[in-house]
Each structure stands twice: as structure tokens, then as C-alpha cells.
Amino acid sequence: MPSVIVLLAWMIVPLVMTVWFSFQYYNLVNPEAAGFAGLDNYEFLVTDPDFWAALTNTVILLGSVLVITVGFGTLLAVLFDQPFPGRNIARLLAISPFFVMPTVSALVWKNLLMHPIYGVLSVAMRAVGLEPVDWFAQYPLASVIAIVSWEWLPFALLILLTAVQSLDHEQREAARMDGAGAIAQFFFLTLPHLSRAIGVVVMIETIFLLTVFAEIFVTTSGGPGNASTNLAFLIYARALLQYDIGGASAGGVVAIVLANIVAFFLVRSIARRLEV
Amino acid sequence: MQDSLLQRVTTAITGWAVALLLFFPIGWMVLTSFKTEGDAVKSSLAFTPTLASYGEVLARADYLSFALNSVVVSVGGTVLALLFAIPAAYSMAFHPTARTRGTLLWMLSTKMLPPVGVLVPIYLLFRTAGLLDSRIGLVLIYALMNLPIVVWMLFTFYKEVPNDILEAGRMDGARVFSEVWHLLLPLTMPGVASTGLLSLILCWNEAFWSLNLTSAGAAPLTTFIASFSSPEGLFFAKLSAASTMAVAPILVFGWFSQRQLVRGLTFGAVK
């Protein structure tokens with residue numbers, strides 16, 4: 001198993017280095033202040049309001065995007081399961097955002113849609129007599145959530161649609177014979193059938209959403225202030241903008257611990273279904 | 001019992017409305033890319049299409065080098081990941097040990113570690129090794145980044161190959177290498193292809209490592225596009241043209257392969 005060894009080395013070496021640096025004074029612009037720091041970096045981190053803001057933002061971002069994409073994804077999956085003219089083309093259009101690279105989607109949203117003067121949204125709002133909004137200045141986190149949801153909704157749709165289509169049509173027919181309305185069918189037949197697929201969607205999205213970076217980097221740079229800084233961006237800013245390797249590493253350790261807590265529950269729920 | 005006409009019309013209208021709404025940002029981007037800079041900021045549909053922006057983006061000599069970087073690192077990273085993953089998935093699928101299950105789950109959990117957690121050490125290691133801003137560095141990162149997913153996907157595809165076939169091959173005296181090369185690979189070609197496809201898409205769109213580890217020499221298209229975010233770079237039409245070119249190949253790719261992708265992405269859990 002050569003790849004397991006490679007992967008092990010790949011994960012362990014940087015991990016150990018991160019943990020090691022997190023206990024050191026290590027600043028690239030201030031080489032004199034080196035040496036063992038003990039828990040100073042961590043103390044500095046937990047007393048830093050930026051850190052708590054970033055942690056909260058990370059969780060809010062993850063939670064909202066999950067709710068939005070799984071919720072709408074389920075509804076849309078049921079919708080696109082119905083036959084209608086041109087359904088295949090409509091479906092291709094609907095899943096397209098997933099294939100767009102994050103920097104492009106962030107920039108297109110920022111400049112073409114949400115720009116306070118030239119964006120389509122502002123133009124539309126002015127047309128109906130509303131005051132245009134500077135989205136990224138006034139609602140930074142919500143704007144980032146909107147972009148990220150737009151990117152991941154097609155993914156949820158794609159997976160859930162496949163699951164809906166595998167639903168037994170005879171079963172559905174039987175339910176209808178028994179007098180189940182559309183809503184009852186959805187809740188008692190479709191939704192239980194989808195639970196496994198929803199689990200998969202939640203797991204994969206969580207993996208990627210904990211580390212959202214490009215969307216923030218391109219649009220708000222974490223601002224204004226720290227309003228849209230998540231952990232990933234905070235660590236980046238600490239390490240590569242402020243050259244504070246020790247502090248950034250401490251943040252990295254926290255991020256890893258956080259991810260492990262999430263991963264623990266997710267992996268356990270998957271392990272139960274895994275047949276090896 | 002047939003749905004009423006009204007119901008069907010509503011479904012069709014809602015379906016198309018949702019699809020167009022979701023596609024709107026992409027469509028608008030493509031539309032803007034054919035405008036002049038003056039028209040681009042006007043948000044109006046009345047304009048004369050022009051290819052000027054495409055010309056200007058392509059005329060910047062470095063655009064092609066960014067595109068080339070994207071191709072090289074995506075393909076390189078995918079090939080490297082497959083080279084490692086094929087033997088690993090093979091041994092796990094056909095010669096499982098007591099630890100196979102644990103190893104698989106552990107690999108998946110590594111994928112959940114945020115890359116930022118290890119950004120600093122990797123950055124310093126790369127700086128020491130002279131790999132910063134080099135294509136080889138990115139290829140290595142991408143291969144390792146996708147390795148867990150690639151192994152998992154291949155594993156689920158391999159599981160569906162009956163052991164008897166390989167058994168028969170072994171009876172005929174096939175060594176391990178030819179067993180994999182002449183039997184397993186041809187049998188699972190669609191699976192390997194969709195695995196490679198997904199890895200390619202992930203590499204092509206990757207923006208964390210490329211933004212942090214490259215500056216000019218090895219930067220792929222994601223980085224190039226990100227450079228448009230600076231305020232003085234506010235050229236809507238050129239931005240759209242560059243973005244359209246960066247997105248188009250992978251978008252078309254995705255359209256054709258969506259079915260295989262679902263299976264791959266869900267590790268075969270949803271069929």
C-alpha cells in the first residue's frame with residue numbers, strides 16, 4: 001500500500017510541524033523573538049475577538065449553506081423528477097454552477113451581479129424604485145453565503161435527483177391509490193427514501209465548506225473588519241500577511257480539532273453503512 | 001390518474017424558471033463577455049456583439065501560459081493520483097485485511113482536515129525545497145489532495161468486479177501487474193474514467209493552494225482570474241471573457257459526464 005504510506009507522510013509531517021510551530025514564537029519579520037512559547041499562542045488566540053468571530057462565521061457559513069442547499073436541493077430534485085418539455089436541458093442549466101471555478105463565481109457575483117452601481121441587482125432595484133444595496137459592505141457574510149450556496153445547490157440537486165429517480169414507481173402508485181396526497185407522499189415516501197443521499201450530501205459539503213477560502217479572498221477579503229472572516233481566511237491572514245507563523249499554527253490546530261469533531265460524527269454514520 | 005394540464009404547465013414553468021435563475025450568473029457572464037467595456041456596465045440587452053474582449057485577453061501573452069499551467073497541473077495531478085491509487089485500491093478491494101476498513105475511513109477523514117491547518121508547514125517546506133511557484137509543486141499537492149477521494153472511488157468500482165474473473169486470470173498464470181493491467185483496468189475503465197474526470201474538475205477549479213503557493217510562474221487560471229478582483233482591474237467585459245474561457249472547457253466536460261460523476265461523488269452510495 002504505497003499510497004497509504006505517502007498519504008500518511010503527507011498528513012503526519014505537516015501536522016506535527018503545525019503543532020510544533022504552534023508552541024513557538026515564530027514571526028518571519030521578527031526573527032529575534034524565537035523560542036518556546038508554551039501556550040502563549042493559544043492564549044493570544046482565545047483572547048483575540050477576531051478568532052471567536054472567525055469561529056462563529058465558520059459555523060454560520062457551514063450551517064446556513066447546508067440548510068439552504070439540502071432544503072432547496074430536495075425540493076428541486078422532486079421538481080426535476082417530474083416530466084416537462086425540455087427537462088434535460090433545464091437540468092443541465094441548473095447544475096452548471098457546480099462546475100464553475102470558485103474564483104470565477106465569486107468575481108461574477110461581486111462585479112456583474114452585486115456591484116452597488118453597475119450590478120444587475122442594483123439596476124433591477126433602481127428600476128423598481130428601491131435604493132441599491134452595497135451587498136458586500138452591508139451584508140458581507142450573507143453575500144458570501146449566497147455565493148457559496150449557489151455553487152453547492154447544484155451539487156445537492158444532482159445527487160438527490162439521482163436518488164429520487166431510483167424511487168420505486170409502483171410504491172408511489174400504491175401510495176396514491178391509498179389516497180396519499182402530493183404532500184403526504186413527499187413526507188412519508190420521498191423524504192425517508194432520500195435520507196441516505198442527504199447524508200452523503202451533508203458529508204461531502206461539510207468537507208468542502210469548512211475550508212471555504214477563494215470566495216472570501218476574492219470578494220470581501222474577510223471584511224469589513226472581521227465580518228466575513230472564517231477560520232481558513234484568518235489563518236491565511238495571520239501566516240502570509242502578518243507573518244506570524246506561531247499564531248497561525250495555533251489557529252491551524254484549532255481548525256483541525258474542529259474538523260475532527262465534525263468528521264468523527266460523519267465518519268461514524270457512514271461506517272455503519274459501509275460494507276467492506 | 002393523469003396530472004391535470006394546469007399542473008403540468010405549472011411544473012414546466014417552475015422548472016424552467018428555476019433552471020434559468022440558477023444559470024443566470026453564468027449566462028450573464030457569457031453575454032457580458034461579448035460587450036464592449038462601455039456596454040458592459042450598462043446592464044442593457046441592446047448591444048452589438050463584439051469579440052474585442054476575447055482578443056484583448058488573448059493578446060496578453062501571459063493568458064496562454066496561465067491556461068497551459070492549468071492544463072499541466074490538472075492532468076499531472078490526476079495522473080499522479082491515479083498511479084498511486086490504482087494499486088492501493090486494488091489491494092484493498094481484492095486482498096482485504098482486518099485493517100482495510102479502518103484505513104479507508106481514516107483516508108476519508110484526512111480529507112476533512114482543513115488545508116489551512118497544514119498551510120504553514122507546507123509553505124515553509126515548499127520554500128525550503130524550492131517548490132514555491134513551481135508546477136511540480138502544484139502537481140504534488142493536487143495529487144495528494146485528491147488521493148483519498150480517488151482511492152475511495154476506485155475502491156467502490158473495483159468492489160463490483162467479481163473476484164472469480166481475477167481468480168481465473170491468476171489460474172492462467174497472470175502476475176499481479178498483468179492482472180491489474182489486462183483484466184481489472186479494462187473491466188473498470190468507465191469507473192477509472194469518471195474518477196479521473198472528477199479529479200480533473202477538482203484540480204482545475206482548485207483555488208486554495210494555487211492562490212497561496214504560486215505567484216506568476218506556475219499560477220493556473222484560478223489565480224489569473226483572482227487577479228481581476230483588485231479595484232483597478234474593474235473591466236467587466238474582459239473579466240467576463242477571461243472567465244468564460246476558463247470555465248467553458250470544464251463546464252462542457254461536466255455536462256457530458258454528470259451521470260458518472262454522481263456515482264463517483266457519492267462513492268457508489270447513491271445509484
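Is B:Thr78 buried or exposed? Let's start there, and keep in mind that what we're looking at is a predicted model. B:Thr78 comes out at 6% relative accessibility, so it counts as buried, since the cut-off for that is under 20%.

Where does this threonine sit? B:Thr78 is part of helix α4 of chain B, the one running over residues 61-94. And what does B:Thr78 touch? Leaving out anything up to four places away in sequence, we get B:Gly196, B:Ser199, B:Leu200 and B:Cys203. One of those, B:Ser199, also makes a polar contact with B:Thr78, side chain to side chain, at 3.0 Å.

Okay, staying in chain B, have a look at helix α1, residues 5-33. That's 29 residues, and from the first C-alpha to the last the helix reaches 40 Å. At 1.5 Å a residue you'd expect 42 Å, so the two values are close.

Chain A has 13 helices and 2 strands. It's 276 residues, and 56% of them are buried. If you take the contacts in chain A between residues at least 6 apart in sequence, 67% of them join residues at least 24 apart. As for the surface, the accessible area of chain A is about 11,800 Å², with 69% of that belonging to carbon and sulfur atoms.

That's what I have for today, thanks.

Notes:
Residues are numbered from 1 along each chain as its sequence is written. Chains are lettered from A and ligands numbered from 1 in the order in which they are written. This is a predicted model: local features need pLDDT of at least 70, side-chain atom pairs count only at pLDDT 80 or more; totals for chains, interfaces and linings use all residues. Side-chain values use heavy atoms; hydrogens and water are left out. Helices (H or I, at least four residues) and strands (E, at least two) are DSSP runs, numbered from the N terminus. Buried means under 20% relative accessible area, exposed over 50%, partly exposed in between (1.4 Å probe, protein chains only). A polar contact is a pair of N or O atoms within 3.5 Å; within protein, one must be able to donate a hydrogen and the other to accept it, and residues adjacent in sequence count only if both atoms are side-chain atoms. Contact means heavy atoms within 4.5 Å. Accessible areas come from the Shrake-Rupley method with a 1.4 Å probe; for residues, only the protein chains shown count as cover.
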